[in-house]
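Here is a short briefing on one structure. Look at the fold before reading the points.

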Amino acid sequence: MQDSGINLILEKKMKKYLYFFIMIIILIPCTVLAADKTSLSDNEISKLLIGKWRITMSDDNMKLEAVDDYLPDGKVIQKGKLTASGQEMVIEMEATWKIENGKLVSTLVSIKPEGIIPVGLTTT
């Protein structure tokens, strides 16, 4: 019985990490491209964003490895793995994306495990 309580605590802790790092992962490619936006149009930025972006982040408590695949049709698919407190969580996410006024706008369509981040969440 005590094990299930420990697992619940670890699951909540991993969800907190996952939420924070997914938000960062969504924004990293946009930040890289925005730094070079001196004279690029939204269309030019979109063309540069298309492709696979490998992301690795870690601190003392966790490690996240993921690949974001920005597709020309305005979808982004993320697959990755979060390791925290000795446990691993596989992440799969799909969102829509567009560049608007030099900023990446993305809306979450689906995520596994479900319930970590609300579907429909939009970031800019």
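The points below cover the sheet, its hairpins, the helix and an aromatic pair.

This is a predicted model: local features need pLDDT of at least 70, side-chain atom pairs count only at pLDDT 80 or more, and totals for chains, interfaces and linings use all residues. Residues are numbered from 1 along each chain as its sequence is written, and side-chain values use heavy atoms, without hydrogens and water.

**Sheet**
- An open sheet holds 6 strands in the order 1-2-3-4-5-6, with antiparallel pairing. Strands are DSSP runs (E, at least two residues), numbered from the N terminus; two pair if DSSP finds at least two bridges between them.
- Strand 1 (51-58) and strand 6 (122-123) are at the edges with a single partner strand each, so one side of each has no neighbour in the sheet.
- Helix 2 (residues 42-49) packs on the sheet and touches strand 1, strand 2, strand 4 (87-100) and strand 5 (103-112). Helices are DSSP runs (H or I, at least four residues); contact means heavy atoms within 4.5 Å.

**Strand pairs**
- Strand 2 (residues 62-70) and strand 3 (residues 75-84) share 9 bridges. Val67 stands opposite Lys79.
- Lys79 also has Glu92 in strand 4 as a bridge partner. Strands 3 and 4 are joined by 10 bridges.
- In the hairpin of strand 3 and strand 4, Ser85 takes a positive phi near 50°.

**Aromatic pair**
- The whole structure has 1 aromatic pair (ring centres within 6.5 Å; Phe, Tyr and Trp, the last by its six-membered ring; planes under 30 degrees apart are stacked, over 60 edge-to-face, the rest tilted).
- Tyr70 and Trp97 have ring centres 5.6 Å apart and planes at 75°, so the pair is edge-to-face.

Methods. Axes fitted to C-alpha atoms, helices over the stretch in contact; angles between N-to-C directions.
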